[in-house]
Amino acid sequence: ATINMVHAYIHWLRGSKESLQIAHELIQKPLAYFSESQSPKIIDHGNTLMILSLIELDLGEYEKSYSHSSQAIRLLERALDWTELPLDSDWCLFVRFNLARDLQEVGRSAEALVMLKQLLLDEERVLGVDHPLPLDTRNMLALAQAGVGLTAEALATVVSPSVVALFSVTVVSGEAVQIGP
């Protein structure tokens, strides 16, 4: 099962539609094995769900289909339900980031915003404000906020706390952000 998972991952990395279809087929065996295992809490099951969600997303891009994105969301939700790891573990932070991104992609912006706000707080607490992952999450949150018309919040979000410590940030008339000493 693990060999199939590795081969699926390699095909996923190749990125062509044919390679993704092969990866999708290869990942089914480990998925079935880990789902039926006497010990379903093994980490390989979560990784299998994660890889399959990435394959589904990429196939969806090739086929211009949201059904693959919806399947990826279901897989990521299963991975979070499945795990016994704390939600602020590195693995769960990564899964939550991907889930929020996928929710945003299929137009479930309200859910994505709630998830991104909590994810950013957890990432900054665990990893620090200047770690690359919270910076990516901060950027995605700002884009999501801007996408639903929360322009002032988006501009305030995109400025990291380390920048705020150096400069004052003022929201002017609910729309513009003035940054200055």
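Me: Axes here are lines fitted to C-alpha atoms, for helices over the stretch in contact, with angles from 0 to 180 degrees between N-to-C directions. The model is predicted, so local features need pLDDT of at least 70 and side-chain atom pairs pLDDT 80 or more, while totals for chains, interfaces and linings use all residues. Residues are numbered from 1 along each chain as its sequence is written, and side-chain values use heavy atoms, without hydrogens or water. At what angle do the axes of α5 and α7 cross?

Reply: Find helix α5 at residues 90-105 and helix α7 at residues 132-147; helices are DSSP runs (H or I, at least four residues) numbered from the N terminus. Their axes come within 11 Å and cross at roughly 20°.

Me: Are α5 and α7 roughly parallel or roughly antiparallel?

Reply: Under 35 degrees counts as roughly parallel, over 145 as roughly antiparallel, 65 to 115 as roughly perpendicular and the rest as oblique. Therefore α5 and α7 are roughly parallel.

Me: Which residues of α7 make the contact?

Reply: Contact means heavy atoms within 4.5 Å. On the α5 side, look for F97, A100, R101 and Q104. Their partners on α7 are D136, T137, M140 and A144.

Me: Is L76 buried or exposed?

Reply: L76 sits in helix α4, residues 66-82. Its relative accessibility is 0%, and the cut-offs are under 20% relative accessible area for buried, over 50% for exposed and partly exposed in between (1.4 Å probe, protein chains only). So L76 is buried.

Me: How far apart in space are L76 and M50?

Reply: L76 touches M50, among others. The two are 26 residues apart in sequence, yet from C-alpha to C-alpha the distance is 6.4 Å.

Methods:
Helix = DSSP H or I, 4+ residues; strand = E, 2+ residues; numbered from the N terminus. Lists of a residue's contacts leave out its neighbours within four places in sequence.
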